[in-house]
Amino acid sequence: MQQHLSDGELRAALDGELDTERAQHIELCASCRARQQQLQMKQLEAGRLFAFLASAEQTGPSAQIAWARFSQQIKKQKERSMTKRWFSMPVVRFAAVALVLLVLILAFPSTRTLAGEILNLFRVQQVQVVSVDFTGLEQLTGDGALGNQFTELLADSVEIEHEPGEPVVAASAQEASQLAGFDVRIPTGMTPSQINVTDNAALSLTVDRARAQALLDEAGRSDLDLPASVDGAEITVSIPAAVSVSFGTCPRPGTDVAGNTEQSTTERRYPDCVILAQMPSPSVNAPADLDIEALARIGLEFTGMTAEEAAELTSTVDWTSTLLVPIPRGGAVHEQVSVDGVTGTLIMRPSSETPQYALLWVKDGIIYAISGLGMDSQQAVEMANGLP
Amino acid sequence: MIDSMKYFKRESADAARAEAGSLELEALFLEHWTSVYQILRRLVGDPAEAEDLALEAFLRLYRHNQKKPKVENAGGWLYRVATRLGLNSIREWKRREQYELTAVQYALEETTQLSPAEILAQKEEWRQVRLVLAGMKERQSQLLILRYSGFSYKEIASTLNVTPSSIGPLLVRAEGEFEKKYRALAQGNAPAKKE
């Protein structure tokens with residue numbers, strides 16, 4: 001006689017899942033039959049309770065319809081993932097921070113009149129330097145938890161409507177002008193080593209107040225309270241094509257020289273590099289009812305200003321036309337200089353390892369910047385004055 | 001910006017491979033969608049929730065295959081993930097509350113043989129069954145769900161990565177555990193406790 005069946009085997013037999021030879025034993029063994037009957041009662045009771053799992057097929061979306069929905073999800077995910085990875089890059093992230101700051105630190109003059117629902121908020125006509133404490137910004141641009149959170153927020157909030165593409169090399173100022181759509185100027189008597197044109201870009205940012213506030217809280221700035229009205233506001237940014245004219249041996253455009261950990265190497269590699277960048281003013285549009293002034297104060301306070309300093313600055317600047325350039329407090333000096341027939345701003349960063357300078361000015365709606373390594377900022381002024 | 005361009009180029013280089021993967025994914029999707037959806041539809045009761053969860057299961061398979069070696073038994077993987085998602089959904093109180101309303105609503109619409117009172121009594125019973133399932137060890141819950149959804153031992157074994165001969169003993173244990181917990185819940189002696 002065969003060995004008695006285990007409960008598991010008896011259970012399998014009830015489901016018709018036990019091999020025939022073993023199952024035959026049940027016919028011959030009263031003990032096994034009795035145990036199986038007990039198991040069967042339990043099985044029947046479980047079957048009754050689980051009847052909803054075995055109910056007739058319910059109507060639902062067909063596989064084809066579901067696949068179409070699924071494909072859409074995948075597409076969205078790919079786009080989101082691409083944007084997210086894009087924003088994970090230090091260069092882009094820093095640029096994004098600068099952009100967000102730019103948006104944050106713009107405010108309306110009190111006398112401004114609103115025209116229409118959407119206001120053309122900002123167009124650069126002049127440059128003003130503001131010294132800020134970069135600690136808060138470094139938190140956002142770093143690779144720490146806060147930096148990652150910021151990247152996530154940007155990826156979710158920003159929609160890139162037009163990708164600028166890789167810079168294109170132009171053979172002459174004339175070709176660069178055709179590509180960029182504005183008159184590119186090159187100092188008289190100077191021969192560029194390279195001219196690059198970067199296509200225009202456009203993006204829109206939809207403010208997620210809860211997440212932005214959570215970010216401020218995370219950064220230890222719970223004292224800064226974003227106005228409820230900013231939630232869902234859509235800010236669009238249009239950045240025209242830009243031209244970068246290099247003189248001497250220069251890094252490729254877009255290379256993260258500033259992020260190079262071996263800065264002295266950078267200086268050795270590009271000792272004579274001077275770059276003249278020129279670009280029509282970007283424009284920023286925001287809903288007319290967006291409380292930009294409050295955002296501006298918060299942005300300035302986040303960058304280390306006291307509430308009083310922020311309030312004072314917001315009251316003295318023409319926000320619709322001034323590009324605020326943040327420079328590290330204590331790490332750079334600046335002065336106003338007369339260049340190209342207008343007043344420009346010369347910023348010098350007298351670092352012992354890699355001193356840098358930048359000369360910024362705006363003329364006829366075009367923003368110009370000359371930057372180089374070293375302390376010989378005078379050549380930037382001469383170059384600017386040599387423009388035709 | 002150059003970094004971003006390199007990234008986009010890399011993306012383009014991967015496009016052909018992605019296209020092939022996409023066709024494979026579509027075939028898998030069309031093959032398993034109905035089964036995965038139906039299991040979830042019965043398990044959670046709410047058609048919209050079931051659809052979301054089923055899509056999520058396929059999305060996870062897609063993501064998994066992007067990062068790791070492709071799963072060999074995609075069907076089994078899907079059923080395992082789908083039942084886990086369904087159980088998680090039941091565990092979430094807010095969704096469960098919503099499910100209750102929806103499930104009763106659908107039951108009333110679909111059943112004509114029972115009176116509303118009987119339907120409500122049956123739904124209450126099923127609610128408790130679902131709660132008990134959601135409170136059990138995941139492997140045991142999945143085993144019961146798959147078996148009572150009509151899966152053969154071989155199919156269950158393939159899904160849960162066990163041998164077919166172990167299904168009988170595992171079922172006995174799972175049913176015993178279910179019975180114990182269900183009685184406790186039905187008698188109000190103890191709430192279903194997640195293990």
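Predicted model: local features only at pLDDT ≥ 70, side-chain atom pairs only at ≥ 80, totals over all residues.
Chain A holds 13 helices and 15 strands. Of its 388 residues, 34% are buried. Contacts in chain A were considered between residues at least 6 apart in sequence; 71% of these join residues at least 24 apart.

Eight of the strands of chain A form an open sheet. Their order is E4-E5-E8-E9-E15-E14-E13-E12, and the pairing is antiparallel. Strands E4 and E12 (333–339) of chain A stand at the edges. Each has a single partner strand, so one side of each is left without a neighbour in the sheet. Direction ignored, neighbouring strands of this sheet are turned by 20° against each other on average.

Strand E5 of chain A spans residues 194–198. Of its 5 residues, 4 are buried, so E5(A) is largely enclosed by the rest of the structure. E5(A) pairs with strand E4 (residues 168–170) of chain A in the antiparallel sense, over 3 bridges. In this pairing, Ala170(A) stands opposite Ile195(A) of E5(A). E5(A) is also joined to strand E8 (residues 242–247) of chain A, by 5 bridges. These two strands run antiparallel as well. Gln194(A) stands opposite Ser246(A) in E8(A). Val197(A) has Val243(A) of E8(A) as its bridge partner. In a regular strand, side chains alternate between the two faces of the sheet. Helix H8 (residues 173–180) of chain A lies across E4, E5 and E8 of chain A. Helix H8 of chain A runs at about 5° to E5(A).

The contact between the chains takes 40 residues from chain A and 40 residues from chain B. On the side of chain B that touches chain A, six helices of chain B give two or more residues: H1 (2–13), H2 (15–44), H3 (47–67), H6 (116–135), H7 (138–148) and H9 (167–186). H2(B) supplies the largest share of this side, 10 residues. By class, the side of chain B that touches chain A has 25 nonpolar, 6 polar and 9 charged residues.

Within chain B, H3(B) packs against helix H4 (residues 74–91) of chain B. The angle between them is about 135°, and their axes are 9 Å apart. H3(B) is therefore oblique to H4(B). The crossing of H3(B) past H4(B) is right-handed. From H3(B), the contact is made by Glu49(B), Leu53(B), Ala54(B), Glu56(B), Ala57(B), Arg60(B) and Leu61(B). From H4(B), it is made by Ala74(B), Trp77(B), Leu78(B), Val81(B), Ala82(B), Leu85(B), Gly86(B) and Ser89(B). The residues of the contact of H3(B) with H4(B) divide into 10 nonpolar, 2 polar and 3 charged.

Ala54(B) lies in helix H3 of chain B. Ala54(B) has 29 C-beta neighbours inside 10 Å and therefore counts as buried, the cut-off being 20 or more. Its neighbours within four places in sequence left aside, Ala54(B) is in contact with Trp33(B), Val36(B), Tyr37(B), Leu40(B) and Ala82(B). Ala82(B) also belongs to the H4(B) side of the helix contact. Ala54(B) and Ser35(B) are 19 residues apart in sequence. In space, their C-alpha atoms are 9.6 Å apart.

Technical notes:
Residues numbered from 1 in each chain as written. Chains lettered and ligands numbered in written order. Buried ≥ 20, exposed ≤ 12 C-beta atoms within 10 Å, placed from the backbone. Contact = placed C-beta atoms within 7 Å. Pairing = 2+ DSSP bridges. Nonpolar A, V, L, I, M, F, W, Y, C, P; charged D, E, K, R; others polar. Axes fitted to C-alpha atoms, helices over the stretch in contact; angles between N-to-C directions. Parallel < 35°, antiparallel > 145°, perpendicular 65-115°, else oblique. Left-handed = near helix turned anticlockwise from the far one by under 90°.
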